[in-house]
Amino acid sequence: MGISMRDMKAYVAVIIVQSSIAGMFLLIKASLSSGTKPCVFVVYRLGFAALILTPAALFFKSKESLPLTWRALCKIFVVSTYGLALSFNLNFAGLDYTSATFNSAMANLMPPLVFMMAVCLRIETLGIRELGGKAKVAGSILGFCGAMAFTFYKGPPLYSSSAHHSDHKNNTTTTTTKQDWIKGSFLSISSQVFYSLWITMQKQYPGKLRLISLQCAFGCLIAAVYGVFMERNLSSWKLGWDIRLLSATYSGVAATGMGYLLQAWVIEKKGPVFSANFGPLTLIISAFFSAIFLKETLHWGSILGGVLLVGGLYSFLWGKNHEPQNKALQISDPAKEEVHLQTIVTSTPSIEQKAKDTNNICPLSIMGN
């Protein structure tokens with residue numbers, strides 16, 4: 001029967017989105033390796049994201065947006081503190097110790113984490129007696145096993161890297177590298193926990209595009225205060241025509257701003273499960289180009305961890321897609337029923353309306369985290 005032009009556009013768009021996220025991780029890793037401080041990078045990324053998302057929020061005005069009261073602004077400020085400023089700093093600090101491939105893999109932990117938090121907050125039901133519920137639990141367990149395998153089991157290299165280093169040098173650096181890897185792994189996993197909590201809390205506020213633009217602005221302000229406290233060397237804040245400017249601009253404008261809008265269009269046309277199914281593509285692209293451009297060596301432990309993470313993700317998505325359609329078996333609250341679709345997305349939550357409701361999307365691809 002063939003693929004229609006509309007479907008082809010959706011495939012191309014979702015591949016562009018996942019490629020942009022993978023490219024973001026590669027550029028950030030290169031920037032950090034060149035001496036960029038993680039706390040400084042967070043400020044610039046959130047700043048560029050706020051600049052690109054604010055005009056979009058003004059253009060796509062939502063009738064469902066609530067008036068901004070002082071109480072609402074205080075809540076947004078608190079959520080921005082741990083959801084963006086803290087999680088971004090933890091994520092980039094972890095990336096400094098690990099690799100772009102590892103960070104891309106950890107993004108597959110997000111759906112199970114969001115699901116667990118939604119169950120704990122009684123936003124979503126577990127449904128362990130149903131086949132879909134069992135698949136979701138199995139997928140969550142597989143995902144965490146994959147994360148642990150990625151963290152603690154390195155294994156032999158997948159291919160022979162440059163063998164010109166002496167055995168003595170390898171012995172003196174192995175312990176330090178392992179310690180740094182474990183440290184960076186826990187930083188990255190912690191960032192995913194805070195980011196998943198941030199995603200879960202997005203359900204309480206309509207008008208998601210205006211919400212995220214405000215959060216990026218608040219997050220940039222909070223990150224700037226923290227960054228100035230941690231890094232007082234003015235030279236660290238200067239952006240020249242180098243990898244620092246490229247990575248900050250690309251992460252904020254392309255991967256966050258434009259990537260968010262493109263992801264919104266994909267989910268509007270094809271649904272959240274279609275978008276989530278392409279999440280592991282980021283891991284594959286990151287692993288391939290990290291080996292070429294960043295000279296990173298893949299190990300069998302990374303392959304094992306990646307297989308478990310991807311397998312857990314697809315098991316979880318299968319369970320979400322095969323939940324009972326009878327509303328009596330699901331959450332009775334319509335607002336909570338929408339969360340069932342939103343919490344399965346690795347990059348952006350569900351859009352159930354047309355382009356005029358684009359403002360109500362909660363973007364999960366801002367970290368690529």
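S302 touches F150, Y153 and K154, leaving out residues up to four places away in sequence (contact means heavy atoms within 4.5 Å). The model is predicted, so to speak of local features takes a pLDDT of at least 70 and side-chain atom pairs count only at pLDDT 80 or more, while totals for chains, interfaces and linings use all residues. Residues are numbered from 1 along each chain as its sequence is written, and side-chain values use heavy atoms, with hydrogens and water left out.

- S302 sits in helix α12, residues 300-321 (helices are DSSP runs of H or I with at least four residues, numbered from the N terminus).
- With a relative accessible area of 16%, S302 is buried (under 20% relative accessible area with a 1.4 Å probe, protein chains only; exposed is over 50%, partly exposed in between).
- Neighbours within four places in sequence aside, S20 is in contact with Y250 and A255.

**Nonpolar cores**

- The largest nonpolar core has 41 residues (such a core is a set of buried Ala, Val, Leu, Ile, Met, Phe, Trp, Tyr and Cys residues joined through side-chain atoms within 4.5 Å).
- Two or more residues of this core come from each of α1 (5-33), α2 (38-59), α3 (70-97), α5 (110-120), α7 (167-201), α8 (208-230) and α9 (243-270).
- Helix α2 is the top contributor to this core, giving 11 residues.
- Those with the most contacts inside the core are I28, L46, F88, Y195, W198, L209 and C216.
- Take I28: beyond its neighbours within four places in sequence, I28 meets F41, F92, L95, S247 and S251.
- Another core lies apart from the largest one and has 12 residues, including A105, M106, F150 and L309.

**Cavities**

- Searching the whole structure turns up two cavities of 30 Å³ or more (a cavity is a set of points, on a 1 Å grid over the protein atoms alone, where a 1.4 Å probe fits but cannot get out; lining residues have an atom within 4 Å of a point).
- T36, V40, F41, Y44, S236, L239, R244 and A248 line the second largest cavity.
- Both α2 and α9 give two or more residues to that lining, and α2 supplies the largest share, three residues.

Methods: On a 1 Å grid over the protein atoms alone, a cavity is a set of points where a 1.4 Å probe fits but cannot get out, and a pocket is an open set with protein on both sides within 12 Å along at least five of seven lines; lining residues have an atom within 4 Å of a point. Grid points are joined across faces, edges and corners, and a volume is the space filled by probe spheres set on the points.
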